[in-house]
Amino acid sequence: MKKILPLIITFSAILLFSFQCEEVSPAERIIDGCIDTSKIKNDVACIMLYDPVCGCDNKTYGNSCVAINSGVLSFTQGACN
């Protein structure tokens, strides 16, 4: 038991330090001034009404809820050309 305990403590410390989260600056979260990755939510349920919006990334989203939860910072009503 005396030989195992130091191994367990060492292994626990290695695991603890290997899973530390790295802080991401706000500038690194925003892609091309258009997508904020911190605002992406894959577990949100949006209404399935097709009311297209054109995101600042020039991608058409099914509706504003889908665009917002995809991290899009700005969009206009209607499909992209």
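This is a predicted model: local features need pLDDT of at least 70, side-chain atom pairs count only at pLDDT 80 or more; totals for chains, interfaces and linings use all residues.

Which backbone nitrogen lies 3.1 Å from a polar atom of the side chain of Asn 63? That nitrogen belongs to Cys 65. Residues are numbered from 1 along each chain as its sequence is written, and side-chain values use heavy atoms, with hydrogens and water left out.

Asn 63 sits in the loop between β4 (60-61) and α3 (64-68), where helices (H or I, at least four residues) and strands (E, at least two) are DSSP runs, numbered from the N terminus. With a relative accessible area of 7%, Asn 63 is buried; buried means under 20% relative accessible area, exposed over 50%, and partly exposed in between, using a 1.4 Å probe and protein chains only.

Turning to charged side chains, a search of the whole structure finds one salt bridge, meaning a side-chain nitrogen of Lys or Arg within 4 Å of a carboxyl oxygen of Asp or Glu. Arg 29 and Asp 36 form this pair, with their closest N and O atoms 3.4 Å apart. Arg 29 is partly exposed at 26% relative accessibility, whereas Asp 36, at 4%, is buried.

Finally, Asp 43, in the loop between β2 (35-36) and β3 (53-55), is exposed at 71% relative accessibility.

Terms used. A polar contact is a pair of N or O atoms within 3.5 Å; within protein, one must be able to donate a hydrogen and the other to accept it, and residues adjacent in sequence count only if both atoms are side-chain atoms.
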